[in-house]
Each structure stands twice: as C-alpha cells, then as structure tokens.
Amino acid sequence: MSKRVILVCTAALLVLTSLACGLPITVTIGQPTEGTTPLPPAPTQEPAAILPTETQAPAPAEASDGTRHLGAILVDPMDKIGVNLLSPDGAFLAELMLGNDLSLSPNTTVPSSDYALPNESNRVMFYTYPDYALAEYRNPGAIQLLANLPNLVTLIGDGWCDAFSYATTEFTAGGTQNALYLSPGATVGGVPPVISELDPRGFAIFPVSAICGAGQPGGVWYAHIPYGIGGDIVFPPYHGLYRLEAGQPSATLVLDENQRFSGISDDQGLVAYSHKDDLSELFILDVKKNTQVSIPVLPGSDRGAGDAVFSPDNTQLAWLEGSGFMMSDTPNFHAVVRIAPTSADVQLDKQKTDSEFANAVGLPSLWIRPVAWLDNTNLLVEGRGNTWEDAYLLKLNTGSGAITLFAKGVYLGKYYSAD
C-alpha cells in the first residue's frame with residue numbers, strides 16, 4: 001500500500017462539557033429517553049433560526065472591548081517532540097516541547113490559553129497514543145496529565161476563552177455509545193457528560209465549535225459522523241448540526257441529518273453546509289436572520305464542496321471543491337480552493353487549483369484544504385505531499401492571488417489576545 005493511500009485511510013479513520021452543576025442529557029437516536037426534551041422537527045430547506053444570547057459573545061475578563069485579535073498560530077512541525085508557535089506573519093516564536101515520539105492529531109491538539117508573553121508559557125492541550133493520555137503543556141518542563149480517555153474522538157477549544165468540548169465513543173451491541181463533554185480548562189477530564197447518547201447507526205458525536213460564556217463555557221455546536229470508517233473520503237461526512245447551550249435540557253436542531261455541515265464562522269453567526277445527496281450547491285446560512293445564500297459548485301466538481309472557513313469579518317468564505325478519486329489504482333483526484341462573498345453570487349475568478357499550490361513549494365502535486373484566515377485578505381491553505389511528512393502551510397493573498405510558503409507543518413489552531 002502506498003504512503004498516499006495510508007494517508008487517506010488514516011485521515012478517514014480520524015474523521016470519523018456539562019458544567020459541574022448541570023445534568024447530563026441521555027438520548028437514544030430516534031427515541032428520546034423519558035425526561036428529555038425531543039428535538040424540533042428536522043428542517044429541510046429552511047433551517048431554524050437561532051436568536052443571539054448572552055453566551056454567544058466572547059467576553060474574556062482581560063478584554064476591555066470584547067474584541068479578539070490574532071496572536072499566534074499553532075503548527076505541528078512533524079518532528080514528534082513538540083509544536084511551533086508562529087506569529088501571524090509566519091515568524092517563528094517558540095517550539096513548545098510536549099514529549100518524545102509523539103503522533104499528534106489536529107482533532108485532538110488545541111491551544112488552551114489566550115496568547116501571552118513569554119511565548120513558552122502559552123498552553124497546549126493534546127492527546128497521545130498509545131497511552132490514551134489527555135494532557136496539557138503549561139510551561140517548559142511542566143506537562144499535566146488531565147485524564148486517560150481510551151475512546152476519545154475529538155477535542156476542541158476556542159483559543160480565546162476558557163471553553164473546551166470533547167467527545168468519546170465506543171461500540172456496543174446496540175450501536176455506538178457516545179458522550180459529549182463541556183468544560184473549562186481546569187476540569188477537563190473530570191466532569192460528567194452533558195449528553196449521553198446511544199446511536200444505532202454507529203455514528204459518533206463530533207463537537208465542531210465551543211461557545212464562550214461569562215466565566216464558564218457557554219455551550220457547544222456538534223454534529224454526528226460515521227465512526228471508524230475508511231474509504232475514499234474527501235470531506236468529513238458530517239450529518240446534521242446541533243447547538244447546545246450550557247444548562248439547557250436539550251439541543252437546538254440547526255441542520256437536519258440529511259445536511260452536511262461544512263464550516264462555522266468565528267462569531268458562530270454563519271454556517272456553511274451542503275445537502276448529503278445533492279452536491280451541486282454550497283449554502284451559507286445566517287443563523288440569526290434565518291436567511292441563506294446558495295453557491296453552485298463548478299460543473300466538474302463531482303465530489304462536492306467542503307472544508308469551509310469564514311474570514312474574520314464574515315464577508316468572505318473560502319472552501320474546497322474536488323473531482324475524481326484519491327484511492328484508485330491511478331489517483332486522479334484534483335481540488336480547487338474557491339472564495340466568494342458571503343452575501344452575493346460567487347466570484348469565479350477567485351480560485352486556485354491544487355497544482356498552483358504545489359508549484360509554490362516545488363512539488364508535482366499536493367492534497368490541499370483551506371484551514372484558517374490570518375486576516376480578511378490572507379488565507380492559510382494546508383498541503384500534503386505523497387508522504388505524511390510532506391506537510392506545508394501556504395498563504396494565499398486573495399487580493400493579488402500570490403501564493404507563498406507560510407511554514408512547514410500541519411495547522412492546529414489559533415491563539416487570540418485582547419491586545
């Protein structure tokens with residue numbers, strides 16, 4: 001088996017907190033357990049609107065105006081000993097030493113503090129195999145074990161406020177037994193689940209965005225995803241989207257299980273998604289206004305669209321479209337990064353192919369995906385070569401169209417600061 005095929009299989013397998021005073025919600029998919037509130041009827045074309053609440057706005061104590069600023073980028077340099085802290089312009093700030101012979105995953109490695117000086121004091125929460133250890137880097141030489149979680153699926157953090165969510169799953173005779181957790185950093189690994197759910201389809205809960213609150217996590221957005229699958233997977237096969245506010249007895253249904261979540265804006269006001277069985281369009285949903293924009297994919301993009309990321313000011317959306325197959329005897333998969341305004345028709349001139357990104361680093365080909373915006377003009381795109389170690393972060397200037405190397409490695413997340 002080629003290294004490229006190993007990469008795809010590994011990624012596919014990977015694809016696949018209640019506050020201390022809260023009570024867990026126990027749900028069996030399709031048959032809510034007695035005492036819980038059933039979700040509202042699944043929307044089809046018009047997902048339910050979500051009204052803004054006090055828990056939606058980031059409000060860290062040190063921010064006088066509630067505004068977050070990009071402080072640093074967290075990158076895995078693939079050296080198996082640590083992670084790199086880079087400035088927004090790509091300058092090296094520090095390597096945070098996490099251990100030896102590590103195999104980190106973007107799904108289970110997150111910034112766990114806001115950005116501060118000295119650089120070596122910025123915290124990182126990370127999960128390691130085969131010990132199933134969830135730990136936190138706090139300072140040079142100070143790594144704290146938080147929990148042993150043999151069935152961890154994913155871990156997310158906000159990079160700004162003290163809000164984390166993680167999920168576990170295990171196969172049982174009746175399907176997958178899932179647990180979703182919501183927690184501030186100090187109690188990660190030591191809180192009861194906010195949701196305990198048996199899914200007969202074999203799906204896992206997958207948190208996708210933590211909600212900031214006032215001193216405690218405000219809640220979490222989550223989707224479902226088939227667990228432990230392999231195959232020629234281009235985009236994470238999300239099913240549905242739910243929003244759970246801390247302390248509430250049930251989650252709000254935002255997208256039904258026939259809709260595939262693709263991305264959410266930093267302020268959680270916009271959601272990108274497509275229909276599971278119709279890959280011809282990408283939708284941008286304004287969850288407060290309950291309005292949406294439809295963007296047709298390119299005629300040749302038979303694998304659809306996904307990996308959507310919103311610009312900080314919410315005026316632009318970047319996403320990936322694909323065609324062909326990655327795991328055929330002769331892989332013929334090709335991808336293009338496209339960019340469009342979030343409130344108007346797509347601008348077809350704003351797009352770059354995988355070949356253009358590969359040329360920027362002198363390789364014959366790259367497997368690409370947009371991962372984050374540095375500002376409202378510069379987009380980070382991750383590229384992988386034919387081997388796992390060939391990992392690059394490339395910066396696309398959406399104004400000039402220039403592609404430059406930002407760093408070698410894998411994108412893990414953003415640190416924010418109030419300054």
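Mentor: Start with the largest nonpolar core, which has 22 residues; Val-337, Phe-357, Leu-366, Ile-368 and Leu-379 are the ones touching the most other members. By nonpolar core I mean buried Ala, Val, Leu, Ile, Met, Phe, Trp, Tyr and Cys residues joined through side-chain atoms within 4.5 Å. Buried is under 20% relative accessible area, exposed is over 50%, and partly exposed is in between (1.4 Å probe, protein chains only).

Keep in mind that this is a predicted model: local features need pLDDT of at least 70 and side-chain atom pairs count only at pLDDT 80 or more, while totals for chains, interfaces and linings use all residues. Numbering runs from 1 along each chain as its sequence is written, and side-chain values use heavy atoms, with hydrogens and water left out.

Two or more core residues come from each of β23 (316-323), β24 (334-341), α2 (354-360), β26 (367-373), β27 (378-384) and β28 (391-397). Those labels are DSSP runs numbered from the N terminus: helices are H or I with at least four residues, strands are E with at least two. Zoom in on Leu-366: leaving aside residues up to four places away in sequence, its contacts include Phe-357, Ala-358, Val-361, Tyr-392 and Leu-394. Contact here means heavy atoms within 4.5 Å.

Now for a sheet. An open one of 4 antiparallel strands runs β5-β4-β3-β30, where two strands pair if DSSP finds at least two bridges between them. Its edge strands, each pairing on one side only, are β5 (92-97) and β30 (410-417). On average, neighbouring strands in this sheet are turned by 25° against each other, direction ignored; the axes are lines fitted to C-alpha atoms (for helices, over the stretch in contact), with angles from 0 to 180 degrees between N-to-C directions. Strand β3 (residues 69-76) runs antiparallel to β30 and is joined to it by 7 bridges, and Asp-76 has Val-410 as its bridge partner in β30.

Next, a hairpin. β10 and β11 pair in the antiparallel sense over 5 bridges, with Gly-157 opposite Phe-164 in β11. There are 6 residues between the two strands, and Gly-159 in that turn has a positive phi of about 75°. As for β10, 5 of its 6 residues are buried.

Then there's the disulfide (two cysteine sulfur atoms within 2.5 Å). The count is 1: Cys-161 and Cys-212, with sulfur atoms 2.0 Å apart. It links distant parts of the chain, 51 residues apart: Cys-161 in the loop between β10 (152-157) and β11 (164-172), and Cys-212 in the loop between β14 (203-211) and β15 (219-226). The link is left-handed, at -90° about the S-S bond, and both cysteines are buried.

Last, the rings. Phe, Tyr and Trp rings (the six-membered one for Trp) pair if their centres lie within 6.5 Å; planes under 30 degrees apart are stacked, over 60 edge-to-face, the rest tilted. That gives 8 aromatic pairs. One of them is stacked, Tyr-166 with Tyr-181, at 4.7 Å centre to centre and 10° between the planes. Tyr-166 sits in strand β11 and Tyr-181 in β12 (residues 175-183), so the pair ties together parts 15 residues apart in sequence. Tyr-166 is buried at 1% relative accessibility, and Tyr-181 is buried at 16%.
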